[in-house]
Amino acid sequence: MTNKIEFLSEPPAVVVNNVSMAYRVPTSDNAASTGLLRSIRRAIGNRPMVDVHALQNISLVVGRGESVGIIGRNGSGKSTLMKLINGRVPPTSGAIYASSRPTLLGVSAALVPDISGEQNIILGCLAMGMSKKDISTKYQGIVELSGLENSIHLPMRTYSSGMASRLQFAIATAVDPEILLIDEALNTGDDQFKGRTKQRMDELLGKAGCVFLVSHSVGTIKEMCTRVVWLDEGELVMDGPADDVIKWYTTFIKHLTSRDRVAAMKTKRRVMNDLVVPHLMARETGRRSTE
Amino acid sequence: MAVPDEKDGAVPTSVDLRTLIKVGVRPHFLDYLVALWDYRHFVFFDAKASVQSGNSRDRLGSIWLILNPVLNGLTFYLIFGVLLQVDRGIENFIGFLIIGVFLFQMSSRSISNGARAIQSNLKVVQAFNFPRATLLLSVNIRELLASVPVIITMLVLILLLEPAEEITWLWFLVVPALLLQTVFNLGIGLILARVVSRVNDVANVISFVMRILMYASCVMFPISLFDPYPTVQEAIEVNPLYQVLTIVRESVLYSEVPSWESWAILGAWALGALAVGMVFFWLAEETYGRDE
């Protein structure tokens with residue numbers, strides 16, 4: 001235990017301060033409630049509710065220009081963390097700070113199915129607060145990045161899921177978002193699109209942005225990220241350089257696939273022992289003048 | 001050194017939070033109003049796009065914008081004019097009915113679409129960060145745009161069907177009446193949109209309330225039907241939608257200047273609903289689009 005204080009002189013892009021998240025979800029397990037209440041609930045089709053702890057005491061400080069990969073098994077809280085940073089879900093406790101409202105790209109296309117791709121580009125850009133002039137200068141670039149030159153005038157409902165997510169990525173990155181959260185959204189794209197995506201992400205990182213990437217593919221994470229955060233069962237297991245974390249995570253998964261739960265948990269515990277998390281101290285307003 | 005006690009492996013980290021914003025906190029009310037103005041192009045584009053695409057899956061396309069109220073008017077004419085004979089004592093009952101049905105349907109559509117504005121645009125809300133009240137503005141501008149052919153149809157029908165009315169300068173009063181009606185619809189939509197986004201069940205109730213409101217607006221019978229019940233009559237007279245219908249009927253059908261009381265009641269409701277609706281909607285701005 002050191003008494004050293006980490007002093008960040010550069011303002012970070014995203015600060016996650018001791019965040020926990022518990023969902024109240026319906027369960028089909030009828031043991032969770034009893035008696036009269038249960039009969040009423042069953043009659044109107046409501047099911048008893050239980051708390052699920054999706055995340056527990058997560059703290060992260062992410063600087064500008066960092067690309068952070070999030071890995072973990074199913075149900076480890078990766079998507080929940082993305083939604084919390086995006087502000088779509090309020091944390092049960094703790095707080096999240098960001099230099100601007102983060103943009104979240106999910107699997108389901110956030111676009112209007114009945115209008116054409118072209119109209120969706122304009123609508124999306126306007127929804128991000130771009131001016132008409134900006135849109136007309138960037139329009140061509142968006143179409144090129146999406147690779148949809150041939151079908152841009154067709155209604156969105158005729159697009160495949162890969163096409164829709166490509167268009168969504170192209171629109172969402174058109175404003176050079178400072179903070180971009182990508183939740184498995186790239187998996188539907190083909191290899192050609194993956195190349196363009198990587199290029200676009202590097203451009204954003206060069207402009208002092210930061211990118212969070214959730215993926216089940218360790219390969220994708222290795223390619224795109226410099227730093228990796230490993231979550232398991234809602235807990236932060238490891239947070240460090242991509243190669244180190246991926247090495248330990250792969251060992252952990254290898255033990256699990258060979259059904260060696262004991263060895264897997266041992267690996268996890270060993271890594272968690274070395275875990276160092278930031279304990280946030282908000283700098284006082286007066287401090288700056290004495291610097 | 002005031003290092004807070006922490007668990008093992010925690011490094012006290014001093015961070016300058018002043019340049020950061022807390023995620024999920026709504027802006028100040030005035031900033032919000034300014035932001036709404038900044039997003040005006042979004043509102044108009046969204047409204048135009050959805051007018052065009054609204055009937056894109058129908059063979060007759062946009063013709064339904066006119067066909068819908070015409071068929072609706074015909075149905076009510078059959079029931080109330082032919083079968084029930086409620087037209088006793090009304091001059092130009094067909095015109096009376098057409099105005100009632102056409103204008104009421106506009107409010108009914110605006111309000112029920114407005115109430116669902118967050119739900120039906122959930123993906124856009126979750127993907128982009130814009131002031132959510134723009135969705136309500138867009139719904140109402142869409143209805144206003146769609147109302148132009150409907151109103152023209154309405155006036156043409158009144159001119160064509162016996163007894164034909166004459167065009168007077170009073171017909172222009174339709175425009176301010178419609179604008180006030182739209183402002184009222186917007187205000188109510190803002191209130192309902194917040195309620196529905198929290199308790200979706202309310203959306204099921206709205207159509208019933210709108211039906212009661214339809215009878216309370218004298219869409220297809222005269223207010224004199226309630227002569228035996230003066231309290232009911234008074235209640236109907238403070239109903240802003242009744243006043244919209246009255247203003248348009250008096251100026252278009254009966255060439256009378258609508259009373260200032262009608263304008264006052266309608267105006268007060270419109271501005272009151274907008275003010276209350278805007279504040280009420282803004283108070284939950286950060287919660288729209290959240291996963292429950």
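This is a predicted model: local features need pLDDT of at least 70, side-chain atom pairs count only at pLDDT 80 or more; totals for chains, interfaces and linings use all residues.
**Exercise 1. Describe how H7(B) packs against H8(B).**

Step 1. Locate the helices. H7(B) covers residues 133-160, and H8(B) covers residues 174-198.

Step 2. The crossing is right-handed.

Step 3. List the residues. H7(B) brings B:Ala133, B:Leu136, B:Leu137, B:Val139, B:Asn140, B:Leu144, B:Ser147 and B:Ile151. H8(B) answers with B:Val174, B:Leu178, B:Thr182, B:Asn185, B:Leu186, B:Gly189, B:Leu190 and B:Ala193.

Step 4. Classify them. The contact of H7(B) with H8(B) has 11 nonpolar residues, five polar and no charged.

**Exercise 2. Is H2(B) oblique or parallel to H7(B), and which residues meet?**

Step 1. Get the angle. H2(B), residues 40-53, packs on H7(B) at about 50°, with the axes 8 Å apart.

Step 2. Assign the class. That angle makes H2(B) oblique to H7(B). The two cross in the right-handed sense.

Step 3. Find the residues. On H2(B) they are B:Phe42, B:Val43, B:Phe44, B:Asp46, B:Ala47, B:Ser50 and B:Val51. On H7(B) they are B:Thr134, B:Leu137, B:Ser138, B:Ile141, B:Arg142, B:Leu145 and B:Ala146.

Step 4. Classify them. In the contact of H2(B) with H7(B), nine residues are nonpolar, three polar and two charged.

**Exercise 3. Work out the sheet that E1(B) forms with strands of chain A.**

Step 1. Order the strands. The open sheet has three strands, E1(A)-E1(B)-E11(A), with parallel pairing.

Step 2. Find the edges. E1(A), residues 6-7, and E11(A), residues 277-282, each have a single partner strand, so one side of each lacks a neighbour in the sheet.

Step 3. Take the E1(A) pairing. E1(A) pairs with E1(B), residues 10-15, over two bridges. A:Phe7 has B:Ser14 as its bridge partner.

Step 4. Take the E11(A) pairing. E11(A) and E1(B) run parallel and are joined by six bridges. A:Val277 has B:Ala10 as its bridge partner.

**Exercise 4. Describe the side of chain B that touches chain A.**

Step 1. Count residues. Chain B places 39 residues in contact with 45 residues of chain A.

Step 2. Name the elements. E1, E2 (21-22), H2 and H6 (122-127) of chain B each give two or more residues.

Step 3. Classify this side of chain B. The residues divide into 19 nonpolar, 11 polar and nine charged.

**Exercise 5. Is B:Ala275 buried or exposed?**

Step 1. B:Ala275 sits in H12(B), residues 260-282.

Step 2. Count neighbours. B:Ala275 has 11 C-beta neighbours inside 10 Å.

Step 3. Apply the cut-off. A residue with 12 or fewer is exposed, so B:Ala275 counts as exposed.

Step 4. B:Ile188 is 87 residues from B:Ala275 along the chain, and their C-alpha atoms are separated by 10 Å.

Terms used
Residues are numbered from 1 along each chain as its sequence is written. Chains are lettered from A and ligands numbered from 1 in the order in which they are written. Axes are lines fitted to C-alpha atoms, for helices over the stretch in contact, and angles run from 0 to 180 degrees between N-to-C directions. Helices (H or I, at least four residues) and strands (E, at least two) are DSSP runs, numbered from the N terminus. A crossing is left-handed if the near helix is turned anticlockwise from the far one by less than a right angle, and right-handed if clockwise. Two residues are in contact if their C-beta atoms, placed from the backbone, lie within 7 Å. Ala, Val, Leu, Ile, Met, Phe, Trp, Tyr, Cys and Pro count as nonpolar, Asp, Glu, Lys and Arg as charged, and the others, Gly among them, as polar. Angles under 35 degrees count as roughly parallel, over 145 as roughly antiparallel, 65 to 115 as roughly perpendicular and the rest as oblique. Two strands pair if DSSP finds at least two bridges between them. A residue is buried if 20 or more other C-beta atoms lie within 10 Å of its own, exposed if 12 or fewer, and partly exposed in between; C-beta atoms are placed from the backbone.
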